[in-house]
Each structure stands twice: as structure tokens, then as C-alpha cells.
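Please look through the sequence and the model before reading on. The report below describes how some parts of the chain are arranged.

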Amino acid sequence: MSRVAIVTGGTRGIGEAISLALRDMGYKVAANYAGNEERAKAFTDATGIASYKWDVGDHEACLEGCAQVAEDLGPIDVLVNNAGITRDNVMLKMSFEEWNEVIRINLGGCFNMAKAVFPGMRERGWGRIVNIGSINGQAGQYGQVNYAAAKSGIHGFTKALAQEGARAGVTVNAIAPGYIDTDMVAAVPQAVLEKIVARIPVGRLGHAEEIARGVAFLCSEDAGFVTGSTMSINGGQHMY
Ligand code: NDP
């Protein structure tokens, strides 16, 4: 049976690697994106994976987007909540807009997307939801009260929803990546990045494919007994 998967923010960075990994497992994949049309077109042209534009922070748009994917590909069995943004600033300078936008997209997006697909997964007795958290949601990070709060919230969201899905065959897990060599990390100043890499025991940034392999496992049939867990993939930077 060919499962249907949605990957939010699935056209570049970690999300792109996740879309490809799920496609390679034989799943029919829909890759969502926010507005980078050029990137989405290049991704779809290169991979044949359909891309769908909507804002995960917009509740109605998520319901409509998921309905469109279901019409095109079939009922949605797998959701990977990967879309995320940063709006870094120290608390003294952080605006309400910077706070609100990160919470709305990074955390609100998980609720909006799960709200659209969770009922159907429960009814059909099978589902996989994987939420991409962050090492900075586990450990905190200077200049990121908004991002750390949203990502920490994702870990709580995961454990609560896992309890609601368990008996219906729906697993809900999180992955907490460390620093991965994507556009998001390319935005970090070089001097700061060098200090970060010096704190990673493995001695390098991670690769998007290394996160995608973890997601692929959690979305597989084999992972049916794994739920409510957080898999840390961070080169040993944060162990607890
Ligand atoms: P990128 O910035 O490279 O890509 C972000 C993706 O999310 C893009 O596809 C973007 O779409 C999409 N996106 C952003 N906002 C929205 C929105 N409102 N609605 C729909 N899609 C949206 O990020 P990464 O690949 O680096 O990160 C992916 C996830 O992993 C994020 O949740 C991030 O917080 C998390 N993470 C990343 C780490 C890292 O080191 N890179 C470390 C820990 C966690 P578009 O292309 O249209 O802009």
C-alpha cells in the first residue's frame, strides 16, 4: 500500500531531505512551502514531488491545503511538521511581532496541521506524525526566547498528542536536531558558527539527510511501538 505523506517546509533544507527519504520509502509525498516559488519549482522539476503553497500558521489555509492534497493523492497517513523560521533578538530588543510570528508558525503550525489530519488517521487506525523540534528547545539559546519557547512547546505538544493517538494506531514523535548545514544556519555569523562547531563533540555540523533518516524510521511500519519520544540528532552536543 502506498502511504500519503505531507512534509511542511518540504522543498528545501531539512524538509527537502525528508521529502526525498519518504519518497524513497515508496510514500506519495506532498511538499508544502511558504512562498519561495523559484525553489519550489526547481524542487518539483528535479524530483517529481508535488509542491503546495500555504502558510502553516494560517489555520484555514492548512485545512484547505490538506484537503487539496487528500483529493490529489489520497487520505493523509503521515505528517512531518518541519516548517520553521527564526526571528532572533535579545529579550531587551525583541518585538511582539518577532515573538508572535515564531510562535504562530513554528508551534501554531503543528497544531493547525495536526488538526487537519489527525481525525482521519484515527478513523483509519494508522498514522505517523513527526514534529521537528530543536536542540535550542531542549537547552535554550541566547537571543532566541521566541524560538526556544516554540520548539520546547513542540516537545510538550508531541507527548500530549501521542497519548491521544496511541490506542488508535497513530504515533506522534519529535526529532530535536542540533546544528545542520542548511540556509537557516548559513544565516548565523561565521564567528558564532565556529564557536558552535567547537562545542559539537562530533566536530562538524550535521547534514539534512541525517535528520531525514531519523524521520524515515519514525514514519515506518517498524516504528509502531515508538510514540511520545524525542530523538536527539545533534552530534553529541546536548546529552541528557
Ligand atoms: P530552512 O530555512 O532551510 O527551510 C525552511 C522551510 O520552511 C522552507 O521550505 C520554507 O518555505 C518553510 N516555511 C517557513 N515558513 C513557513 C510557513 N509559514 N508555512 C509553510 N512553510 C514555511 O530551514 P531548515 O531546513 O534549516 O529547518 C527545518 C526545520 O528544522 C525548522 O523547523 C527548524 O526550526 C528546524 N531546525 C533546524 C536546525 C538547523 O540547524 N538548520 C536545527 C534545529 C532545528 P519557503 O522555501 O517557501 O521559504
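## Two helices side by side

In helix H4, the residues Glu98, Trp99, Val102, Ile103, Asn106, Leu107, Cys110, Ala114, Phe118 and Arg122 meet Asn146, Tyr147, Ala149, Ala150, Lys151, Gly153, Ile154, Phe157, Leu161 and Gly165 of helix H6. By class, the residues of this contact between H4 and H6 comprise 13 nonpolar, four polar and three charged. Here Ala, Val, Leu, Ile, Met, Phe, Trp, Tyr, Cys and Pro count as nonpolar, Asp, Glu, Lys and Arg as charged, and the others, Gly among them, as polar. Two residues are said to be in contact if their C-beta atoms, placed from the backbone, lie within 7 Å.

H4 covers residues 96-124 and H6 covers residues 145-165, and the two pack at an angle of about 15 degrees with their axes 9 Å apart. The axes are lines fitted to C-alpha atoms, for helices over the stretch in contact, and the angles run from 0 to 180 degrees between N-to-C directions. H4 and H6 are therefore roughly parallel to each other, given that angles under 35 degrees count as roughly parallel, over 145 as roughly antiparallel, 65 to 115 as roughly perpendicular and the rest as oblique.

## The model and the chain as a whole

This is a predicted model, in which local features need pLDDT of at least 70 and side-chain atom pairs count only at pLDDT 80 or more, while totals for chains, interfaces and linings use all residues. Residues are numbered from 1 along each chain as its sequence is written.

The chain has nine helices and seven strands; helices (H or I, at least four residues) and strands (E, at least two) are DSSP runs, numbered from the N terminus. For 240 residues, a compact globule would have a radius of gyration near 18 Å, and the 17 Å of the chain agrees with this; the radius is taken over C-alpha atoms, and the globule rule is 2.2 Å times the number of residues to the power 0.38. Of the 240 residues, 45% count as buried, where a residue is buried if 20 or more other C-beta atoms lie within 10 Å of its own, exposed if 12 or fewer, and partly exposed in between, with C-beta atoms placed from the backbone.

The residues of the contact of H1 with H9 divide into eleven nonpolar, one polar and three charged.

Leaving aside neighbours within four places in sequence, tryptophan 126 is in contact with Asp77, Met121 and Gly169.

Serine 220 belongs to the loop between H9 and strand S7 (230-233), and with 16 C-beta neighbours inside 10 Å it counts as partly exposed. From C-alpha to C-alpha, serine 220 and glycine 143 are 36 Å apart in space, and they are 77 residues apart in sequence.
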